[in-house]
Structures are given as C-alpha cells and as structure tokens.
Amino acid sequence: MSPPGHPVAVRFDGVVRRFGDVRAVDSVNLEILDGEFFTLLGPSGSGKTTCLRLIAGFERPDGGRLFLHGADSGALPPYERDVNTVFQDYALFPHMTVEQNVAYGPMIRGVPRARRRRLAMEALEQVKLAELAARKPAQLSGGQRQRVALARALVNRPRVLLLDEPLGALDLKLRQQMQVELKALQRQVGITFVYVTHDQEEALNMSDRLAVMRAGAIEQVGAPGEVYEEPRTWFVASFVGASNLLTGPVALKLMGAPGAYSVRPEKIALHQAGAEVQGGGDRAVLDGRVVEVAYLGALSRARVEIEGGATLTVVLQNADAGHRDVARMQGQPVRLSFRRDQVRALEATEGAPA
Amino acid sequence: MTGAASSARRRLSSFLLARPRLALAILLAPPLSWLGAVYLGSLASLLVQSFFTLDDYTGQVVRELTLSTYGQLLTAANLDIVLRTSAMAAAVTVAAAALGFPLASLAARHARGRMRALFYLGVLLPLWSSYLVRLYAWKLILAREGVATWFVQRLGLLGALEAVLELPVVGGPSLSASYLGMFVVFVYMWLPYMVLPVQAALERVPPSLLEASGDLGARPAATFRHVTWPLAFPGVVAGSIFTFSLTLGDYIIPGVIGQSNLFIGQAVVIHQGTAGNIPLAAAFSMVPIAIMAGYLAVARRLGAFHAL
C-alpha cells in the first residue's frame, strides 16, 4: 500500500556506482512508479543490472541518493528492504526442496510452519508448480526453476519485484509464453516489477514504461510506443528495433535542414521506378536500386542504394508478393517514399555508422 | 621400416579404439592390482591377524580365530589408550574446523589474484618441509624456556599459563610436556587438510545464493546457518575425515610432545615391535578403522554426502 502522495516506488537521484575506474552507473536520475511494469533495457555492460542490484541493496551508491517509497534507502542492507529479486541464475537453494525454497522468506520472518507451508503452496499454485513441491531444484527443468524463483520472491508480497533477465536461459517458445504469463501475473498481483533485459522485443512487449541504458546512463525513458516511434538518439533508434540513419547532404535535401534523422524501415514505401507517388509535400521521395533482398517469410527486407550513395533498409509485407517476386527485385531500380512526419530528428549520433 | 612400425602402431590404435573395454582394462590393471593385492590384501591380513592370539608362555602367535585379542583391548589400560586417542582426535577436529572455516571462507570469497596465491602458499608451505623438522621445532617452541613461554611472559600472562598447566589432564610441567601442547601441534599439523576441502566446498556455493538469502530477509547469521553451513558441511566432513583419522593413527607426535601415556599409534608400534604381539597390534590398528566407519555412517545420516 503506497501512502497517498507517494506514487513513486523507486527514485534514483543522481546515483553513481563505480567499479575501479569504471562508472557502471553514472549519475542516473529515474523514477519508477508504484504498480508499473518498468524495464531497464540495454546491451551488456550498460549498467542495467547494477541499477537493479542498487535497488535490491547488493550494491551501495557511491554518490547520489536512492529512495524506496519515499525513504532514503541507499544504505539499507538487502534484508531490510521490502524488495525481492528473481535472479538470472535463479539462485535456488540446492539443498532444499522446492517447497522449502519458496517457504524460505516466511521461515526467516518467523511465520509458523503450517502457515508458511500454506503460503508456499499458494505461491506454487500461482506459478502452476504445486505438484513438484517435494522435488529438489536439480530435478527441475530451466523453465520450472524460473517459476520456483518467481514463487519464492512473490510469496513475500514485496512492494517491488526485481527480475534480472529471468527469461534469458529459456528457449524462444517458452520465453514468449513466460512473457505473457509474467505480464498477466504482474497485473494480477499489482506489485511494481522492475525488469532487466537486453531483448528489445521483450521490453516492448511487456513494459508499461522502459528506460534505454547505455554506458551507465539513461538515454531515454518512456512508454514502449514513445521510445520506438520517437527515439531521441541514434543509439535508441538502432537498439530498440532497426532504423535508417539519414545524415549529410541526403538529410539536407530530404528534410530541408542539416542534421541527423532516423526513419524506421517499415515506414518506407517501395514503388516501381518512376511511379507517381501520392501525398505531395508530406512525403519524401527518393530513387534508388535494390542491392540486396532477403525473404523472411511474412516479411521481406530490401537494401536500397539511393542517389548520393546512402543505403536504406526497407521492410515489406509479403502480402501480394511471393518469394519468387521478392527474388526478382534484386538489382531493380525502385522509388522509395515516406511521410516526413515519420522521420525523427536525433539529438546525438554517437556510435552511428559513418 | 619406419613405415611398417607406424602402420603397426596405427593398427594397434584402431584395434584399441574399437574395443574401449579392453583399453580401459589395460589402463586400470596396474592401479587395480595395487589396490587389490598390496593395499586391500594387507588390510585383510591385518584383519585376520587381529583374530589370532599370542600364547603368553611360548610367545608364539596361535593361528586360530578367536575374539580373545579384542577382549584384551577392553582391559582398563588399553581402553584408556583408545579413549584418550579418540578424545584428542575429536578435539583436534573441532579446533581445526573452527580455525579452518574462516580461513577457507576468506580464500573462497574474498581473496583474489595475488592474495589468493599468498593464501595457498601460506596453507601449503608448511607441508613442503619435513614433518619431523616441524615437530621438533614445536618441541622447542613449547619448551619451558621456549619462545611460547617467553611470549606469554612478555604479555604479562605467565600466571595464566601456569594456572592452565596446573589443570588436571590438559596440563603438565611445561607446554611441550602437556596434552595442551600436543593438541596445539596436532591442530597445526592437520589444519591444511581441513582448510582445503572446506575452501573447495565454499567455492562451489554461487555468491547469488547468499544474495538470494539476504534478499529474502535473512541477516548474515541466518544466511550462514541456513545456506552457507549446510552447503559447506560436506567439505567440513571431508576435512574432518583427514584431521580425525590422521590424529587417530599418528604415533610420532605423542612420542615427542605431551606425557608418557600411550596413544593408539604408539601402542601399535610397541606391540608389534618390542612386544612381538602382532595380534594385539593388529587389533589396535582396527580401532581407528572401526571408529572412522562409524563416523562416516553418522556423517552420512546427517546428509554430509547429499550435495556430492
């Protein structure tokens, strides 16, 4: 229960965490709201796991302040925080049964045996594993261990649940299934979830809001649609989905002002060479030649070299076209067009292709 | 010529590759025959000897199976030897575990790189020099005029040392002539055998388990009790097998340090050497084996080998 006037579950206020000379978390400011599914998205080494460990209390901030539900908590040890973690390697106790693992938190809190047994079984039912309660973790599959880890954290009814790439070790089908289940579970229990992943699809699929991290800093925070449709930097545009970068003379010609711009491959329409493009001044039109085409089943991806030497990637629905039609596009002259309002001006282009 | 030799070698290789069982048998024959004939064979002959008896008049071994030699073990003097040795082995084991565990967790959890190398050197270095040299060094250290007494004196605690030496059983005229001194030397000698298995066990505990325990609300002491200790316990048992059995069987340390009362190892030496009573020596030798078997059975019941 969050007291009124404190809808913020977790607040980073200029938090710094150094390892030697490396600033793993570099002056991060961030607010995670009570009850939301928040994702920290970034490549490995971007500081997302360190942020999670700061919330859990496994790391202490070297600078700045960390608030949990309004209280300055940076110096609290993990066992005094109303926060639980689902570890990347699950961290199940190998010498205990599944039930003992789940009942560990209640046992530590001194809940009587019969009651903690019931709590554990309820939590295991929630993740559909009640029948495996007597097994040892070594006798479970990866997906089952993941569920036990989840039950062990949720049984404590924490105010914030931290998940460190919990689906990373699972195969694709199971991962997709668990994404749906996790999201449903989060809605059901209403606990704040802070989720760490490097998988942009997972982040877009599950999050209420997400933060894209890079080199210890947050590049952009927003709802999945905002971050995808309105990337602020080239890093965000290229890490969350794929994008085309427009710079130099091409950008100047198309957009009428110098700078760096991003346009998503699926926003670009591909026409026959010389075709009349409707929409007039709202649409940018370019001529080019298909240099490479890949058939991907539902979609095809074409790389088109445009006048001025740049290459744009275009994604096409294979609605009317079959794989033979797609193959015939190779080497053909084409015309491209896209709405100018689908193009985003970027703030910075560090790490962008030259 | 070489071509013929190499083709013969190649034929032999493919012959063995196609018959993995034969290759395994060839590899295992020497160690297994050593284990079977030399090791288990002599152990069996020891067992058989312990069921013979010595004729008191002729001094000859009577080669008839009897329990009378084991009966002699139960006489007050011999039982004393067994109990004294077992008590010392138990005390040494407990002390080695108490001292070794923090050392091992330091090495397993905190030491990195150079610190770690120093740790291994510190633990193993004593084993590079002769056991006898170290033992006699300790005799000098613990002697009445030795450095230990001098140090205690400098601390102004000579009175305390003397009070301890006045104590019955553990005391004596000086540290080197007391069971306390013998205990110190035993712990020193066997400590590495406790530290290394415990360290290996602790290293197999992923740090995330300790974090998970704290995350679930456990203070460090509770984490130790519920997670670290149960997972390190097999290592402690492995170490205690060394410290316990080495103490049970040692006959040199009790001869150099401590009082003149016998330990099992010394009894074995005396009975098979000077007294020529091979059956009683053999019966004494069976005592540590029996104690260790019982010890392992208890450890097994406590779940020491579940995590292996």
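**Entry 1: chain A as a whole**

I began with contact range in chain A, where two residues are in contact if their C-beta atoms, placed from the backbone, lie within 7 Å: among contacts between residues at least 6 apart in sequence, 64% join residues at least 24 apart. The model is a predicted one, so local features need pLDDT of at least 70 and side-chain atom pairs count only at pLDDT 80 or more, while totals for chains, interfaces and linings use all residues. For bookkeeping, residues are numbered from 1 along each chain as its sequence is written, and chains are lettered from A and ligands numbered from 1 in the order in which they are written.

I then looked up the elements of chain A and found 11 helices and 18 strands, these being DSSP runs numbered from the N terminus, with H or I over at least four residues for helices and E over at least two for strands. The C-alpha trace of chain A spans about 80 × 45 × 40 Å along its principal axes. Of the 354 residues in chain A, 40% are buried; a residue is buried if 20 or more other C-beta atoms lie within 10 Å of its own, exposed if 12 or fewer, and partly exposed in between, with C-beta atoms placed from the backbone.

An α-helix has 3.6 residues a turn, so residues three or four places apart point the same way. Just after helix 4 of chain A, Lys128(A) takes a positive phi of about 60 degrees.

Next I looked up Arg135(A), which lies in the loop between helix 4 (113–126) and helix 5 (142–154) of chain A. Arg135(A) counts as partly exposed because it has 15 C-beta neighbours inside 10 Å. Not counting residues up to four places away in sequence, Arg135(A) touches Thr97(A), Val98(A) and Leu140(A). The C-alpha atom of Arg135(A) is separated by 21 Å from that of Ile108(A), 27 residues apart along the chain.

**Entry 2: positive phi in two alanines**

I checked Ala91(A), whose phi is near 50 degrees, a positive value in a residue other than glycine. Ala91(A) sits in the loop between strand 6 and helix 2 of chain A, and it counts as buried, with 25 C-beta neighbours inside 10 Å. Ala215(A) also has a positive phi, near 50 degrees, and lies in the loop between strand 9 (209–214) and strand 10 (217–222) of chain A. Ala215(A) is partly exposed, with 17 other C-beta atoms within 10 Å.

**Entry 3: helix pairs in chain B**

I took axes as lines fitted to C-alpha atoms, for helices over the stretch in contact, with angles running from 0 to 180 degrees between N-to-C directions. Helix 11 (residues 220–249) and helix 14 (residues 278–301) of chain B pack at an angle of about 165 degrees, with their axes 10 Å apart. That makes helix 11 of chain B roughly antiparallel to helix 14 of chain B, where angles under 35 degrees count as roughly parallel, over 145 as roughly antiparallel, 65 to 115 as roughly perpendicular and the rest as oblique. Residues that meet across this pair include Val237(B) and Phe244(B) in helix 11 of chain B, and Pro288(B) and Ile291(B) in helix 14 of chain B.

**Entry 4: between the chains**

Last, I looked up the contact, which takes 18 residues from chain A and 17 residues from chain B. Helix 3 of chain A gives the most to the side of chain A that touches chain B, with three residues.
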